[in-house]
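Colleague: I've got a model open and I'd like to learn how to read its strands. Can you walk me through one?

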Amino acid sequence: MRPRVTMVLAVVAVLLGGGMLVPAAYAKLSGGDGISGLGGIGGGVAQVPTPAPTAPPEPTLAAGPVSVNFKGKFFSWALMDRKTGKIDGAPNMSSTNSTESMIKAWIVSDYLRELDGKEPSAARKKQAETAIRDSNDISAEALYNAGGRKPVLTRLIKMCKLTDTKIEPTKAKWAYTQMSPRDAVRMGDCIGDGTAAGPKWTKWVLDQMAHVRGGVKDQKSTAVQGGHWGIVDGLPESITSQGPVSIKNGFTMLWADGQWHVNCLAIADDWTLAVMMRYPGAGDPRTPSYGAKVCASVATQLVTPQPGAALKVPQQPVGKL
């Protein structure tokens, strides 16, 4: 009889050992110290911690649909993602408009870079400042002449790899340079990444652009022209609080075609946006303020995520045993 008793005891030992191993192994898999709350061995629902809400990404500008009730001859925009270099925009973003004062940011940058590390005179530095902050035509023209006139624009096209820009053929007037929105954002990126002004002056140029003065109605003369309007007015505080946004706008009512030529350019760390348009001027109640509002509207529509977006809470997974 002793062999049979021995066999029974062995079987009991195996069963007891297995019974002890199951909950221990399950506890290890479930991340707990035991089987409390599992509804018994072999059934029930696993307790899974509730995931924390996922905050939306930091607001930025990203390509998306833009709807503007624009009535005029030409309207277009382009946005560059400066992290990837990708450009999105209106279907006609390769079409051109005269640059007007928007190009002054390049004229200043080109002059400072061409100094090759030398300090400008106090008078020249003041011209560089007022050409941007006050959109001073006299200062911009002086720096343009100092840079050799047409070669300033030739360098722009080559260094910033522009594809649609054309220099005014008779006297190479900077204001009449034809530029597309997609070339404008390339120029903006060229200024932002240091190619335009070089390592010594890039931060200074961007700072001048972040501190342009006056509104769209503050046009006192060719020396003082308000420039703080447009895209920056369409950006929420959640974006402007991330850091300064550098801007350079331009507008002129050209009697040759009877149109307001209005352009807006903005440069941030992650993106650069350009909006360009033409609409009737002489005898029309619309003013540059109309174009400024269009620029702001485009910027607002491209904000991602939109202000007030709710926190996303991941769905809690439920595990069956």
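Colleague: Which residue in β9 does Asn-263 stand opposite?

Modeller: Asn-263 stands opposite Met-276 in β9. Keep in mind that this is a predicted model, where local features need pLDDT of at least 70, side-chain atom pairs count only at pLDDT 80 or more, and totals for chains, interfaces and linings use all residues. Residues are numbered from 1 along each chain as its sequence is written, and side-chain values use heavy atoms, with hydrogens and water left out.

Colleague: How many bridges link β8 and β9?

Modeller: Strands are DSSP E runs of at least two residues, numbered from the N terminus, and two of them pair if DSSP finds at least two bridges between them. β8 and β9 pair antiparallel over 9 bridges, and a hairpin of 3 residues joins them. β7 (residues 250-254) also pairs with β8 in the antiparallel sense, over 5 bridges, with Met-253 opposite Trp-260.

Colleague: Which way do the side chains of β8 point, and are they buried or exposed?

Modeller: In a regular strand, side chains alternate between the two faces of the sheet. Here Gln-259, His-261, Asn-263, Leu-265 and Ile-267 point one way, Trp-260, Val-262, Cys-264 and Ala-266 the other, and all are buried (under 20% relative accessible area, 1.4 Å probe, protein chains only). Since 9 of the 9 residues of β8 (residues 259-267) are buried, the strand is largely enclosed by the rest of the structure.

Colleague: What does Leu-273 contact?

Modeller: Contact means heavy atoms within 4.5 Å. Leaving aside neighbours within four places in sequence, Leu-273 is in contact with residues including Trp-77, Cys-264, Leu-265 and Ala-266.

Methods:
Buried < 20%, exposed > 50% of the residue type's maximum accessible area, 1.4 Å probe, protein only. Helix = DSSP H or I, 4+ residues; strand = E, 2+ residues; numbered from the N terminus.
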